[in-house]
Amino acid sequence: MALKVLSALDGARTQFYHFKAIIIAGMSLFTDAYDLFCIPSIMILIGRIYYEKNKYVTPTKVVSIMAAIALVGTAIGQVVFGRLGDLVGRRRVYGIALMIMVLSSIGCGFSICTTKNCVLVSMGLFRFILGLGIGGDYPLSATIMSEFANKRTRGAFIGAVFSMQGFGILATSAVTVVVCEIFKSTANGASKDQTTKVSDIAWRLILMLGAIPAGLTFYWRMKMPETARYTALVEQNIVQATMDMEKVMEIPMDQIVEDNLLPPTLPPYPLLSKQFFQRHGRDLFSCSFTWFLVDIAFYSSNFFQSRIYYDHLRTNDENTNAYKDALNFATFQVIIAACFTIPGYWFTVYFIDRIGRVKIQMMGFFLMALVYLALGISYHAWTKNKQNKGFLILYGLTFFFANFGPNTTTFIVPAELFPARFRSTCHGISGAIGKVGAIIGSVGFVWVKNHKKDGKPKVIDDMAASFIILAGVCLLGTAVTYFFTRETMGRSLEENED
């Protein structure tokens, strides 16, 4: 029989506290996206400042390392903080993850010194630490929101938290535009060969500004109570769970006080045991593998932006300095985020509790595959004309269907399928395997698209092949979702775990 406090949570009407929790949890996802996806713009500025002998372009291996090192930290952080969230409580480690993010974001901006090698080494160190904080935030934010939400709108609430990632992507581009516009106005028309040392401040400022939104929520994050599900089901303290929920939710005490204070018996099997895999192995596989596949595609598309900008939008203007180049690229990012990325998240928020997680995930994977095929098969024709609107619209649709699809649902479903004492851990494992896909997408495909044969770039052939490979990845995601992913819509968390 379900505990009254949990039944009351499942049936509670939407309240102010739900929206407060969305903002508190969402601001960290905002910072996550800001810090992870600002790196292409930062690398443009760094290329202009430190790589004069390389035609002011940051080498591919440097871009790859800077992208990968944060993702490696993220994968480790997801596993470590996910497990800690189940062992010592979601709330206790939530603030730690946030402080790591805030302090390391500031550290990335300082990066200690002004010589090229020293800047890159120190930035890499701080980005790894930043990744640990970002990784810790993923399972904790998803789990906390799922355990506070009612079952009728749980998917929309978790999706709304994750949608803050879209605003973070938009913000990193918008901040780059504003900062570069300000610095450009002080550059006095300096050419690309005359980029001043003042521009070394610009990229540092962009990185450090990302720490502000998350830092502003630290106080409220520390004031959040532990979730009732963790307190009642894991700590076995039903009285405390009841008192916590009575304080923050508008639920009368007489509806949640238990007649029998004996806590439910915990399942006897440990994490990753044979019995665990018999009961939850399929779910862990489906959550992990679909997240792995979508991150290959999603991060590839994001890191293709700089290549697409150079091939389709950038003009060969001799007077383009560091600020103009980064500003133009960031403007392109703003358009993609505002027209495609953010609408995709909110389509999911609106539809997920109406048509379900599985249908949205399958549809997103399948339509992404069709768009990637269209891009890959016709890539030679697309590249003949610069500023080809049809190509850019199709490219933008990869982000729309990723977010109105598996990029959002793979964040939601792991927070709904597993028992309370394993929930944060399993979400962390799923996300960590996903980040392996992100590393493949952001590093592997960056190398592919910059591959040279006999000293000559083979960008057109390799980009076309990359899009076709990504189409295959998405078709595989469609199949895995169909055969292995279970629907969680409309059921309580306790019903889903059974």
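Helices (H or I, at least four residues) and strands (E, at least two) are DSSP runs, numbered from the N terminus. The model described here is predicted: local features need pLDDT of at least 70, side-chain atom pairs count only at pLDDT 80 or more, and totals for chains, interfaces and linings use all residues. Residues are numbered from 1 along each chain as its sequence is written, and side-chain values use heavy atoms, with hydrogens and water left out.

The loop between α9 (211-216) and α10 (218-223) holds T217. T217 counts as buried because its relative accessibility is 7% (buried means under 20% relative accessible area, with a 1.4 Å probe and protein chains only). Leaving aside residues up to four places away in sequence, T217 touches I24, M27 and L98; contact means heavy atoms within 4.5 Å.

Two packed helices are described by the angle between their axes and the distance between the axes. Axes are lines fitted to C-alpha atoms, for helices over the stretch in contact, and angles run from 0 to 180 degrees between N-to-C directions.

| Helix pair | Axes come within | Crossing angle |
|---|---|---|
| α7 (residues 154-185) and α8 (residues 199-209) | 10 Å | roughly 150° |
| α3 (residues 39-50) and α6 (residues 116-148) | 12 Å | roughly 165° |

The angle therefore makes α3 roughly antiparallel to α6, a term for angles over 145 degrees. In this pair, I39, I42, M43, I46 and Y50 of α3 meet K116, V119, M123 and R127 of α6.

Helices α7 and α8 are likewise roughly antiparallel to each other. Here V175, T176, V179 and F183 of α7 meet I201, A202, L205, I206 and L209 of α8.

Key: Angles under 35 degrees count as roughly parallel, over 145 as roughly antiparallel, 65 to 115 as roughly perpendicular and the rest as oblique. Buried means under 20% relative accessible area, exposed over 50%, partly exposed in between (1.4 Å probe, protein chains only).
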